[in-house]
Amino acid sequence: MNNSRQIKHLYARAGFGIRFEDLHQHENWSVKKAAKKLFEASVQIQNIKVVTENLDLRYHPNQSEDEKKAIQEERNKQEKALNNTWMQQMSTSDAQLREKMTLFWHNHFACNIGNSYYEQQLNNIERANALGNFKTMLIQVSQAPGMLQFLNNQQNVKNHPNENFARELMELFTMGRGNYTEQDIKESARAFTGWQYDGKTASFVFRPGVHDTGVKTFLGNQANFCGEDIIDIIIKNPVTAKYICTKLYRYLVNDIPDDGHISQMADLFYKNNYEITPLLEFVFTADWFYDDKNIGNLIKSPVEFLVGLNRQFYVNYQNPDVLMQFQRTLGQVLFRPPNVAGWPGGRSWIDSSSLMYRMKIPSTILSAGIIDFNGKPTPEDQAYLAATKRQQFNVIKRTLTVPDWDRFFQKIPLKTPHPEIAQFMLEPTMSARVLDEVNSAPDIKTMLIQVVSTPEYQLC
Amino acid sequence: MERREFLKKTALASTALMMPAFLKPFEAFAADGSQLSGFKNLVVIQLSGGNDGLNTVVPYCDDIYYQKRKTIAIQQPNVIALNDMQGLNPNLAALKELYDQGWMSVINAVGYPNPDRSHFRSMDIWQTASDANQFLTTGWIGRYLDANNKAAQTPYLVIEVDDTLSLAMKGEKLKGIAVQDPNRLFQTTREPFFKNLIQQQHAAEHLSEDNLGYLYKTMIETYSSADYIQKTSKTYNVTATYPATGFANELKNVSKFINSGLDTRIYYVSLGGFDTHVGQMDQQGRQLKVYADAVAAFVKDLKATGKLDDTLIMTFSEFGRRVEQNASNGTDHGTANNVFVFGGKLAKAGIYNDAPSLTDLDSGDLKFKVDFRDVYATLLTKWLEVDNSAILTRNFAGLDFI
């Protein structure tokens, strides 16, 4: 049996898109076997270690302006290095599923603090637990200096609770709105008093002196709760499993929730004590995962879009800054979510500006911004094309991107017809319009650049 | 999208491509047969993060304010008095002149029943104009688009000066357009390959309700709007001086749009950074100064070009902060807040209603006296001249500031 459509879909969702070499010889595999291989390839955990110093430590009251400026420059360098290292890792790692899920948790536990040392630490926690146990990850994330700083738990002390962490823990990380009261937030905030971090060692510390030891009432339970107890109660509540599964369903399957499928996921997740791997195995082998309506209908996030392009065309960036510029233009800079709710995703990625940028970026990376055009050019078109050609050198100089076309073509079986190659690059079924372009393209490179510059290529 | 509606739209898009740009405004005019009444503009400014209203318009004669805010209260000598109860944060100094000219109105204690203290939920409530327990997926300005016949032909009837579009701007059938830089947007739409995709997009195969249909629809609308916005707005150069901030630059762009006679009724601009749980004085002060200096430049610019009488500016935030400060010299999420309105034709300038009570509280939070939807209703009915009940969830009586 030829499962190529299913396997392509699986790679689009469990990773950042398929390459010809992924499909080579795999198309006769069962979906189950292909999924198993994806999990096996993700057993390895490759920590990111590019940021080696916590520059917050170096802020002393007596620094000169020049010293402060120098530190700020170092911090900017760290931020770029961290961003770039992760982008490259997603683009090249064989642990595609782990990286894809790390990106999910990165958005779930959104944190924006401008301290790359803490961000890297949090990112590695998310990567290590991406396919492990949700509760373990939740506790580690909640005790990570980055998160404690971002949600002000450092300021959450006995006599003056700061409710920020408690609120977001329930609203965004676990149960979702409507499953707790304002009073539950107040009471649980008391339980998290004393959860702090030591800036010198960049590690969690519990400070009993500022912890509220009084009796708290939380979701109908009453005791002298500490933070771990609160997390326990939250985890024991099945609404948490449901909430996480709804979010995962929208990330991996379809942005229109299907209650039946989500309930199946949530039951399994809850029964397995929040183990993530069995849940994902279930999703990737479920018949409904391969339903037509679930194929090619998710809008790629900017990072998924860029990583997919890098991966499929083996793009090498000699000026990594450009990747961050693309992220900024498209509205998703890694480690810089807009707020604690993360990027809302789905259709919100697309509006008038972002769509046009997205369709222009592939040609910028692959061919100095040139999309050769098969139609009859008007004088305006001719002027535009001439201007783009003049710009060619500047675009190359600015982007410094090098796709590995040889490697790309090497993996395509000889004599594969153009429409077949085009359809391979796209998850939705190609429209007659795009097919026309494909058939009239003068050569395969032109055809490929056109195909990745379509609205269809924005979907996975 | 309905097939018929799609065909109508693509027809429009392709005509737009072939028609000389200077004819474009007449095309819209002729097709509809009716013209927009007057040239009134509304500029909505969103302060994101929950701006602390009590340190913005300071109840400087209220002892309780100073008792509850031991270290972060604005001290009396620094307050810019507006009347014998309230005054402005010193970082808002630039607004005093507007206030004295009668171009500014402060509406106190604006909120809604059963307030939500989550940024996202409360912002959704303000942007969708829903009740606290009601979840809407369309924004109030988006529904203004939906309800407006004119809008089907002019998605740029509402413009968000940003790279992305807020929920407030998204309707059921139509949405506004996000334009940070009209030139840049225009240039990206000129790509011949994209033009080819749009022009020859003859069948309705892609204009379904799914995400692919959504992408094609967005592409078509962008194409025609970018053309119009770029060509119209480049006819005017802003000569007034604005502060060198991103926010001021966005208002400068709005001035360019308004003064070039763009057929746009509502502009939407945001300024973030108001979530002040820690070290509020510096952080909020900085942002308030950015806000006030830019707004003052904008209002004076409009006055000079004769557009202030046709422009109304409204500023809101998703909630105010707790009355009592927290231990970190900040404030936590609260409820009711003040709303500012600016314009050359205010019916009631100055302090619109009483300052919020600091004694009659709802577990530490201010009680609201004015429903924010009454503010919207006023803008919709009295300024934009549409029936507010068709856009808001029910009919609101409105207020008397215009």
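**A first look around**

Analyst: Leaving out residues up to four places away in sequence, B:Leu165 touches A:Asp351, B:Glu160, B:Lys170, B:Lys175, B:Gly176, B:Ile177 and B:Ala178; contact means heavy atoms within 4.5 Å. This is a predicted model, where local features need pLDDT of at least 70, side-chain atom pairs count only at pLDDT 80 or more, and totals for chains, interfaces and linings use all residues. Residues are numbered from 1 along each chain as its sequence is written, chains are lettered from A and ligands numbered from 1 in the order in which they are written, and side-chain values use heavy atoms, with hydrogens and water left out.

User: Where does B:Leu165 lie?
Analyst: B:Leu165 is in the loop between β6 (158-160) and β7 (177-178) of chain B. Helices (H or I, at least four residues) and strands (E, at least two) are DSSP runs, numbered from the N terminus.

User: And is B:Leu165 buried or exposed?
Analyst: B:Leu165 counts as buried because its relative accessibility is 9%. Buried means under 20% relative accessible area, exposed over 50%, and partly exposed in between (1.4 Å probe, protein chains only).

User: Switching topic: what can you say about the second largest pocket?
Analyst: The second largest pocket holds about 800 Å³ of space. Its lining has 21 residues, and A:Lys360, A:Thr364, A:Val395, A:Arg398 and B:Thr188 lie nearest the centre. On a 1 Å grid over the protein atoms alone, a pocket is an open set with protein on both sides within 12 Å along at least five of seven lines, a cavity is a set of points where a 1.4 Å probe fits but cannot get out, and lining residues have an atom within 4 Å of a point. Grid points are joined across faces, edges and corners, and a volume is the space filled by probe spheres set on the points.

User: Which element gives the largest share of that pocket's lining?
Analyst: That is α18(A), with 7 residues.

User: OK, what does α18(A) look like?
Analyst: α18(A) has 21 residues and spans 29 Å from first C-alpha to last, close to the 30 Å expected (1.5 Å times one less than the number of residues). At A:Gln391 α18(A) bends by about 45°, the angle between axes fitted to the seven residues ending there and the seven starting there. Just after α18(A), A:Leu400 has a positive phi of about 50°.

User: Which residues of α18(A) are buried?
Analyst: They are A:Asp381, A:Tyr384, A:Leu385, A:Thr388, A:Val395 and A:Thr399. They pack against α16, α17 and β6 (401-402) of chain A, together with α7 and α8 (192-199) of chain B.

User: How many cavities are there?
Analyst: The count is 9 cavities of 30 Å³ or more. The largest cavity has a volume of about 150 Å³.

User: What lines the largest cavity?
Analyst: There are 16 lining residues, with A:Ala12, A:Phe16, A:Gly17, A:Lys300 and A:Cys460 nearest the centre. α15(A) gives the most, 3 residues.
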